[in-house]
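Colleague: I am new to reading models like this one. Please take me through the features, one at a time.

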Amino acid sequence: MRLQAAFFIAACLSPAAAIYSDEVNHIEFHHALLGAPSPDSTFFLKPSSSSNASLLYTISEKSIIGAVNPRDGSLIWRQDISRPGSATSGAGILRGLDGNNAVVGAAGDSISSWSAQDGKLIWENRLADGAVADLELLELEDASATSGSRDTIVLTSGEGAGVVRRLDGDSGKTKWEHKDNSGDVPFQVSSSPSEIFYISLQSAMLKGYKIKVTSLDPITGRQSRQVTLNTESDITSQDSILFVGANTASPLIVWADKSLKSLKVNVIGTKQINTIAIDNTSGQEIQQITVHAPHKLNSLAHFLVHYKTETGAWAEVFHTDMKSSVVKKAYQLPYLQGQSVVATNNINANVYFTRVTDSEAVVVSSASHGILGRWNADVSSTDRAIHAVADVVTKGKSVAVRSAVIRESGDWSLIRNGQTEWTRPEALIHTVAAAWVEEEDQEDLVHELEVEGHESLIGAYIHRVKRHLRDLQHLPEWLKELPKRIITSILTDEVSNLDSFGVAKSIIVATEKGRVYALDTGRQGTIKWSFQAEKTSHWDIKAILTIPGSAEIYISDGSSLRVNSSTGEIISRSAPTNVKLQSIATFEHQGGSSMVRIGSLGIQEDGSPVSSFDDITGFLVTTSNDGRVLGWVEKDIKSPVWEFVPPAGQKVIKAVSRPSHDPVASIGKVLGDRSVLYKYLNQNLVLVTAVNEQDHTAGFYLLDGVSGKVLYSVRRSGVDPTQPIASAISENWFAYSFFGDAVDESSAKGYQLVVSELYESPIANDRGPLDAAGNYSSLHDLPLPHVVSQSFVIAEPISHMAVTQTRQGITTRQLLCVLPSSNAIVGIPRPVLDPRRPVDRDPTSAEAEEGLFRYAPYLDFDGKWYLTHSRDVAGIQTVLSCPTQLESTSLIFAFGGDIYGTRATPSQAFDILGKSFSKLQLVLTVVALAAGVTFLAPMARKKQVNMLWKAT
Amino acid sequence: MSILLPLLWLCHLATATLTISIPPSTHLPNPHILPATTHATLTTLPAAGAGDRDPSHILTTSLTRGSTLVFNDIPAGHPESYLLDIRAGEYVFAPYRVDVAADGSVMGVWETFRGNPWENRGAEKYVVDIAAKKAADVVVEAKVLGKKGFYEERATFSPLSLVKNPMILMAIVALVLTLGMPKLMENMDPEMRAEFEQQSRASPITGATTNAMTGGGFDLAGWMAGTAPNPMASAESPREGATGRETTTGSARKRG
């Protein structure tokens with residue numbers, strides 16, 4: 001009941017600005033990302049024994065298990081199995097089996113089984129003795145097994161010991177375990193129909209490793225025999241082993257000698273090593289050898305070896321004789337220039353190999369070299385393909401294939417019979433910085449208008465007439481376009497037709513892996529261009545600053561990169577300097593209706609500016625790495641003007657200032673009795689958050705950026721410093737949130753959101769010490785604000801806060817909050833967060849007129865506030881807001897994990913004719929009225945004539 | 001082996017499980033439709049100085065196939081009072097208070113209310129049976145409070161809503177009167193009609209309307225039909241009386 005009451009109040013009083021269900025995918029877009037798929041753990045799988053269609057499963061480098069629909073590339077489910085605090089080394093492992101309705105994934109020391117159909121948990125387990133090194137699903141059921149779920153064989157490698165366990169398919173409980181304390185390096189597990197093989201690497205006397213194969217009984221886990229292969233001359237590390245065949249009738253171990261002249265193949269469980277000379281006719285050095293073998297138990301014992309050189313690749317197919325364990329070459333796929341990837345799959349016992357190259361996609365059977373299907377491919381891309389998985393369908397003699405190709409950048413695309421069906425831009429999951437592109441063409445007009453403004457009256461007049469004459473040349477085009485425009489505007493919806501109002505802006509994003517993208521927010525976030533700016537795994541971007549036509553990306557080593565924002569061409573690069581930057585500061589000033597940047601400056605890690613900023617009149621507030629806040633002026637970059645040090649034990653974790661574009665529509669707040677409370681408007685406010693990790697307190701300090709004076713401070717106890725503490729400041733108010741523990745039994749436990757408003761004085765129609773002053777000075781007698789605060793208990797943590805920005809600030813603002821635990825972004829309307837809401841009483845009529853309603857300690861997020869509605873938008877780190885030409889609309893872009901963009905209309909779209917406004921209906925009404933008039937006019941005339949005759 | 005056994009027993013004690021089952025309810029008739037992202041969280045803040053056990057004071061578990069949420073690894077070491085949240089897309093669940101003893105076993109589960117004192121415990125879901133002294137696996141039922149509506153309803157066009165509009169209603173009444181009145185008059189008794197006409201002529205209101213109809217105001221229908229005079233012309237023409245219906249119309253006719 002309590003909750004329903006809250007719902008009701010919220011529904012009555014908040015300006016509902018929720019999305020209409022028919023606007024989904026029109027005004028917003030979402031890239032649900034997994035991260036680069038791990039090549040060894042990506043496969044097609046039928047999610048249940050009853051279904052015919054298969055899904056694409058993978059575990060990504062971010063340890064996210066995902067199921068992707070191969071038809072359109074949409075995400076069906078995903079689960080993040082990385083656990084904070086557990087040591088995850090590299091990508092996880094994912095295994096699935098056809099006919100089994102579960103996929104089993106492992107990352108670090110945790111292993112979990114998920115329902116393949118809907119991604120719900122079957123069991124999860126945490127293994128005490130080290131990280132999971134390998135896992136296999138047992139394809140063959142024992143007599144005792146009843147259900148369709150298969151058991152898992154898992155190998156963990158801890159401190160000098162490897163443990164092989166068999167886990168029950170339904171509960172995840174250990175059936176047996178085999179411990180290996182010999183000090184060997186645990187490597188992999190594999191299985192054959194009758195045995196489970198534990199493969200470890202035994203250090204040889206001098207150098208290298210011997211491969212030791214231990215056979216275990218699948219039912220009891222007892223060791224039955226052990227084989228050691230003398231491989232120490234070839235194998236120097238784990239990477240030397242190319243392949244350990246899993247779950248085939250004849251599982252293999254494949255490795256090559258050091259000079260890559262010959263290939264060594266051993267059928268697991270035998271002592272025999274087959275040596276095959278590598279027939280390299282390309283004349284180039286082999287860079288990479290990969291082995292592709294089917295994973296199904298009943299498939300033919302055939303496998304393919306793929307050799308890659310600098311510029312091309314070829315492949316050889318081998319057959320294994322099951323009886324004698326002899327391997328012999330069957331045929332060869334020719335050497336081709338360019339990139340080439342091979343995928344394996346089988347239909348019943350038949351094995352098919354799919355080779356995707358720059359020019360074509362080819363399907364061959366493992367039995368003979370005859371090409372079953374060939375398609376000219378359109379897959380050539382600068383982004384090299386590194387791995388592929390394929391799904392071959394045979395129908396009579398013809399075959400069809402779809403192959404999912406993983407590219408070097410992490411992007412993932414599906415090629416069906418040579419046609420690229422979809423591409424998932426997985427590399428965008430590493431996005432660390434983004435900036436809105438400023439259009440160049442609008443800037444021209446602004447420039448022209450500026451010229452006119454500065455000339456004499458007659459000069460300006462002539463200039464304008466000339467400009468208009470010049471514009472006339474576009475008239476024929478405009479007239480030609482006109483009928484089309486009218487028709488389309490009647491037929492299509494207005495919401496998708498607002499590009500000229502700055503609603504379709506591009507955004508430049510840069511990822512940690514050194515890639516730069518431009519996304520078009522007006523076209524569902526499609527990628528306009530992208531390029532690899534740097535080959536690195538940790539590109540430490542500090543800022544992206546845009547000017548009309550180009551964007552500059554600043555890196556922490558002091559270097560920068562300037563790119564053309566419409567084409568993605570690199571204009572210039574600057575060399576790194578020897579100072580490490582902590583951030584980039586920008587100086588902006590109000591120029592007309594927009595902010596004009598007049599300079600930018602690097603900030604070192606200790607908080608001092610890199611160079612002086614003599615040419616700019618301004619000040620700087622920086623945070624230093626030792627937890628202080630420093631203020632700087634242009635004259636002196638050696639020592640700060642002021643310094644803010646939090647109380648002993650506290651550490652500054654965050655400082656936020658008002659957004660650079662933060663227009664204030666009204667300097668006061670009109671109360672119900674028409675009196676005015678004057679807002680405390682200070683451009684230079686800084687909100688500093690400091691925490692004490694020992695006694696769990698947090699301090700929030702409001703500083704004046706020029707003088708460093710503390711205007712307001714508050715201390716909260718019972719704050720969890722490990723949970724996110726978010727804060728935002730805008731206009732004359734600020735908000736912050738944290739997890740507050742129950743300090744004693746009578747206080748509340750839960751996440752809290754605190755909002756504070758600043759006024760010049762507590763009395764209406766009174767400006768306090770400022771009185772009638774037009775100006776104020778930060779340095780002389782800066783008056784303190786009157787602060788009104790209210791705290792709310794909220795249901796979940798907020799990891800990031802931002803405020804919607806509109807062109808003139810007339811529209812109500814929304815506090816944008818990222819909710820990491822429900823994977824959503826919520827826009828809380830400001831009227832709800834009014835700290836002047838009456839407490840413990842109903843509002844008086846004057847207060848009700850003002851829009852205030854009764855305070856309730858629990859603030860429930862209304863579903864209509866969710867900008868992301870029912871979407872699952874995971875991993876968001878930052879939310880950007882940008883004003884458009886329409887006052888009602890603010891563009892929202894969120895990144896950090898998924899990419900999400902939408903339009904927020906906090907006071908509803910009051911300046912747009914929405915979808916509900918039907919132009920066709922309007923036209924029809926006018927036509928109907930006209931028809932009515934023409935029909936009624938003769939009638940009325942007749943009647944009047946009759947009336948006259950009858951009356952006389 | 002003899003050393004291992006008590007160790008194993010201890011481990012078993014520490015891993016007492018807490019299972020939250022989601023029963024069908026009015027808001028959620030079929031719990032299997034819950035999204036795979038559904039998860040439960042146990043949150044607390046360890047007492048000051050006990051921060052070395054981070055971050056195990058926030059425990060999360062995902063929804064299972066059987067629509068349950070299972071916590072296997074509630075850490076032992078210190079008695080804690082956890083806040084249990086269940087988050088499932090559009091469904092809103094009641095928060096619970098979970099008290100855990102120092103050995104990691106669940107002492108009790110109660111409903112709690114956000115924004116209320118922590119001691120304000122609601123309905124009791126589970127309390128440990130001290131006499132039995134058995135750390136059994138605890139199973140509690142989750143409670144669905146409601147459903148969030150994410151979407152704005154688009155106002156659809158329906159004839160009924162048109163009829164509800166007061167302006168339309170007034171127009172309909174006026175239409176009925178204008179069309180129905182003459183019919184009504186015709187069906188009237190001739191004597192009564194004469195009386196009625198007499199009355200309406202005498203009444204000042206009807207007189208005024210008649211005047212307005214004939215010459216006082218601008219007759220749009222007439223003007224559009226081409227029978228009424230130009231309004232400017234009629235304004236110029238002299239008025240001959242409040243009830244001078246014959247003369248006014250007569251002059252109009254002469255001009256037309």
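Modeller: Helices (H or I, at least four residues) and strands (E, at least two) are DSSP runs, numbered from the N terminus. By that rule, chain A has 6 helices and 62 strands. Chain B has 8 helices and 11 strands.

Colleague: What should I know about the model itself?

Modeller: It is a predicted model: local features need pLDDT of at least 70, side-chain atom pairs count only at pLDDT 80 or more, and totals for chains, interfaces and linings use all residues. Residues are numbered from 1 along each chain as its sequence is written, while chains are lettered from A and ligands numbered from 1 in the order in which they are written.

Colleague: What box do the C-alpha atoms of chain A fill?

Modeller: Roughly 115 × 90 × 65 Å, taken along the principal axes.

Colleague: How many of the residues of chain A count as buried?

Modeller: First the cut-offs. A residue is buried if 20 or more other C-beta atoms lie within 10 Å of its own, exposed if 12 or fewer, and partly exposed in between; C-beta atoms are placed from the backbone. Of the 952 residues of chain A, 42% count as buried. For chain B, with 256 residues, the figure is 25%.

Colleague: And how do I read contacts?

Modeller: Two residues are in contact if their C-beta atoms, placed from the backbone, lie within 7 Å. Take contacts between residues at least 6 apart in sequence. In chain A, 52% of these contacts join residues at least 24 apart. In chain B, 56% of such contacts do.

Colleague: Show me one residue. Where is the place of Leu498(A)?

Modeller: In the loop between helix H4 (475-491) and strand E35 (506-511) of chain A. Leu498(A) has 19 other C-beta atoms within 10 Å, so it is partly exposed. Leaving out residues up to four places away in sequence, Leu498(A) touches Val503(A) and Ile912(A).

Colleague: Now strands. Which way do side chains point?

Modeller: In a regular strand the side chains alternate between the two faces of the sheet. Look at strand E7 (residues 102-107) of chain A. Ala102(A), Val104(A) and Ala106(A) point one way, while Val103(A), Gly105(A) and Ala107(A) point the other way. All are buried, and E7(A) is mostly covered, with 6 of its 6 residues buried.

Colleague: Which strands pair with E7(A)?

Modeller: Two strands pair if DSSP finds at least two bridges between them. Strand E6 (residues 93-96) of chain A pairs with E7(A) in the antiparallel sense over 4 bridges. Here Ile93(A) has Ala106(A) as its bridge partner. Strand E8 (residues 110-115) of chain A also pairs with E7(A) in the antiparallel sense, over 6 bridges. There Ala107(A) stands opposite Ser110(A).

Colleague: What lies in the turns?

Modeller: E6(A) and E7(A) form a hairpin with 5 residues between them, and Gly99(A) in the turn has a positive phi of about 85°. E7(A) and E8(A) form a hairpin with 2 residues between them. Its turn holds Gly108(A), with a positive phi of about 65°.

Colleague: How do I check a helix?

Modeller: Compare spans. The expected span is 1.5 Å times one less than the number of residues. Helix H6 (residues 919-951) of chain A has 33 residues and should span 48 Å; its end C-alpha atoms are 46 Å apart, which agrees. Helix H3 (residues 166-187) of chain B has 22 residues and reaches 31 Å from its first C-alpha to its last, close to the 32 Å expected.

Colleague: Where does H6(A) bend?

Modeller: The bend at a residue is the angle between axes fitted to the seven residues ending there and the seven starting there. H6(A) bends by about 30° at Leu936(A), and a proline, Pro938(A), follows within four residues. H3(B) has a kink of about 35° at Gly180(B), shortly before the proline Pro182(B).

Colleague: How many residues of H6(A) are buried?

Modeller: The number is 1 of 33, so H6(A) lies largely in the open.
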